[in-house]
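Q: I would like to learn how to read salt bridges in a model. Could you walk me through it?

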Amino acid sequence: MKYLLDTNICVHFLRGKFGIEKILKEKELKNCYISEITVLELRYGAENSVNKEKSHNAVADFVKGLGIIPIFGSIQRYAEEKVRLNKLGTPQNDDFDLLIGVTSVENQLVLVTENTKDFEKIKNIVIENWVVRK
């Protein structure tokens, strides 16, 4: 199986939480991807952190091991899905989440996220949550 990691999963990994590092090793990095949007969100978080240099270095090291999926190939699906959800009366208010979600669908990847409710209305999406909170 191939996976698209949502930003929250990447943040948990970077913070050493919820055993994400172990799961990534089990699933193998070659099967894990991130969206350009996730890179953007991680870079923003690093820039906004107390120790910018350390955070930016951690992000750079992390993304080196992953395939980065461009959003360009998912733009049409994004537009269609945004209109569909609006017509259903269930608009997706976070465009970044919608782009990440449709990128997973467009590329036939399982979306890995802790925020399943943010994505579950996207048509044809397959979601896994690797986070177990105790």
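A: Let's start with accessibility: buried means under 20% relative accessible area, exposed over 50%, and partly exposed in between (1.4 Å probe, protein chains only). By that scale, arginine 133 is exposed, at 54% relative accessibility. This is a predicted model, where local features need pLDDT of at least 70 and side-chain atom pairs count only at pLDDT 80 or more, while totals for chains, interfaces and linings use all residues. Residues are numbered from 1 along each chain as its sequence is written, and side-chain values use heavy atoms, with hydrogens and water left out.

Q: What is a salt bridge, and how many does the structure hold?
A: Side chains of opposite charge can pair when their charged atoms come close. The term here means a side-chain nitrogen of Lys or Arg within 4 Å of a carboxyl oxygen of Asp or Glu. The structure holds eight.

Q: Which residue forms a salt bridge with arginine 133?
A: Glutamate 114 does, with the closest N and O atoms 2.4 Å apart. The pair links distant parts of the chain, 19 residues apart: glutamate 114 sits in the loop between strand 4 (110–112) and strand 5 (127–128), and arginine 133 in the segment after strand 5. Strands (E, at least two residues) and helices (H or I, at least four) are DSSP runs, numbered from the N terminus.

Q: Where do arginine 84 and glutamate 81 lie?
A: Both are in helix 5 (residues 75–87), three residues apart, about one turn of the helix. Arginine 84 is partly exposed at 26%, whereas glutamate 81 is buried at 6%.
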